[in-house]
Each structure stands twice: as C-alpha cells, then as structure tokens.
Amino acid sequence: MKIDLTETTSSKINQALISARRSIGTPAIGMVLTLVIVTDEENAYDALRAASDSSREHPSRIIAVIKRVSKSPRAKRDARLDAEIRVGSDAGSGETVVLRLHGELANHAQSVVLPLLLPDAPVVVWWPEDAPADPAKDPLGALAQRRITDTYSAEHPLDELAVRAATYQPGDTDLAWTRITPWRSMLAAALDQQPAQVVSATVEGESDNPSCELLAMWLADRLGVPVERILSNGPGLTAVRMESKSGTIVLDRPDGSLATLCMAGQPDRAVALKRRETAELLAEELRRLDPDNIYESTVKFGVERLGGPTEPSSVGTGQKRPEPAGAAAPAAKKAAAKKAASK
C-alpha cells in the first residue's frame, strides 16, 4: 500500500502511518529499529531496495531523507515537505517513509525526522553516498546509535579512510569494512587450524579499493608484522599471503566468487567467498549496534601506516603501490623547513 502526501508535516505522516496499518489489518508491527537513509534521487531507488531486503531480517521503520536542491532564490525560500508512505508488501517486513525536503527545510532535516523515530528503539543512519566528514556531529547522525558510511563510494576512497580515522566516534562503521568480514573469518580460522608465528603478509587487490587497505591494516595491527600491498586487476580483493616459520598460508580468489585456501601440509580447499550485495552488508551491520573496537583500531592504525593518499599510476598484477605524493622522509621534511626558514 502506498500513500502520497504533498506539503505535509511530521504529525500528518504519523497519522497516515497509523491509518495505513489499520487498513491492511496490522495495527501493530514489531519493528526493532529505525533506519534513516540520507541520499539523493539518483541513489534512492537502490538504497531503498537494499534496506527493504535487509528488513526481512531486521523489521524496521525505514526513513529515506532526500534533499531536493533548489536553484532559484524563490525556490530556496519555498520550504516544503512531500512524503510517500509504504506499508505491507511494498515495504518489506516493516514500513517505509520517503521524505523529500524542499527549500530551506533541507537544512533542518533532523526536525522532520525526529518525530518519526520509533519510540524506545535504536536509530541507525546510513549514507550510501556523500557521507559527512564527521558523521557523529552531523544533525541526523547525532540522533543515531550507529552510523554507516561507505568509503568505496567516495571520489577518493583512500583519502576518505584518513577522514574516517580522524573523526571516528564509537558507533561509526563502514561498509568497506563489512565487505572483508568473510576474509577476516577465513584467515583467522586458518591460523586456528595451523597455529604459526606469522612474520609477514601480502594483500593483493585492485587499486583505490578501501576494503583492500582495511584488510592490510587489520593484519598489520592484529599480527604486528609488516604487510605489503600489491596491486592487481581485481575484482576487489584477489589474494592474501601470510608467511610463517611453518610455511605459507594463501587465500586466493581470482574471480570474485570462489577462493582456494592453501596451507602447508594440507590439501588445497575450495571455499565460497563471493562478493556480497549491499543488502547483505547492511543486514550484517544491523545485527550489532555496539561500538566496533576492532574497526576503530584498524582504521586508526591505517592513517599512520599509509602516511597520506596514494594514487598508483597504473594497475597490473604484482605491481607494488608507489610511494604517495608528499610522503618524504621526516628528516627530509625537517631539512626543507629549515632551509625555507633561513631564507
């Protein structure tokens, strides 16, 4: 069931939700959280579809906030709220409210969203694109216990990782981190099966893929060993190699679907390691709403490890990542500063 409301208010939207539930014979729906999606018209369809699919595991009230950009001075003064309400089969296992904010109202989205939050239920805010630099200080992000971003969608993903580290607050997370959960689980299980002292590691994957960087940072942080980043043609992550005194552990996934786990003294094993859809990633993040301490440690470790943005000139299998621009040795930087001061 769908209901369209034009030039409406938050109270009228709440009344329409109650009427819609009664009309389909479900006056009470057990929803466990409120998911707020901050997006634009271009990405709204895909984001709502992913949220609707994930609601089958986590019944929720989905609120999509779409800020309509006003170009003319008159349109900017025309503050207006339009809403679309979906319940029943059109809204997965919960209910969906699509808000379109026009004019000056787009700068006060929190005042519209706040009355629509489920009482006594957690709030999660998700930015599929164009996340704010500091999600916790964003007016909508301040309403949430969990804030989900995606550095993969940023124009410069590696720069975005440094921003996420600098502004991290408990409750922040990233879908680029969620994408490597199966890899982390498989590598940890391999070390449980064959306890060994890892002395070095290599992560192979495509350029400008923040998931590859996060996996390399995680290994370096957890194992305390040097981790080399090697570029490949993808798709995504393609291989991880861990060198130990007992032999080499290799997890190789050349096609983005099926991986091979190779361990010394054991037969090679094929393991399913497919690239997951956004709905699966979102559902995983909604399973836990407490701070992710491992993500915090990893992303903060990565800022120091990367030393700045890295832009490889080309991509080829086995090609090492070049040194980032401006990543001069500390001694060279001091010498340059001293020389400039003497002038």
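T34 has V123 as its bridge partner in strand 6. Strand 6 (residues 123–126) runs parallel to strand 2 (residues 33–39), and four bridges join the two. The model is a predicted one, in which local features need pLDDT of at least 70 and side-chain atom pairs count only at pLDDT 80 or more, while totals for chains, interfaces and linings use all residues. Residues are numbered from 1 along each chain as its sequence is written, and side-chain values use heavy atoms, with hydrogens and water left out.

- Eight strands form an open sheet with mixed pairing, in the order 1-4-5-3-2-6-7-8.
- Strand 1 (2–5) and strand 8 (172–174) are the edge strands, each pairing on one side only.
- From one strand to the next, the twist averages 15°.
- Strands (E, at least two residues) and helices (H or I, at least four) are DSSP runs numbered from the N terminus; two strands pair if DSSP finds at least two bridges between them.
- Axes are lines fitted to C-alpha atoms, and angles run from 0 to 180 degrees between N-to-C directions.

**Residue S23**
- S23 lies in helix 1 (residues 10–23).
- S23 counts as partly exposed because its relative accessibility is 48%; buried means under 20% relative accessible area, exposed over 50%, and partly exposed in between (1.4 Å probe, protein chains only).

**Cysteines**
- The count of disulfides is zero, a disulfide being a pair of cysteine sulfur atoms within 2.5 Å.
- C212 is buried, at 0% relative accessibility, whereas C262 is partly exposed, at 22% relative accessible area.
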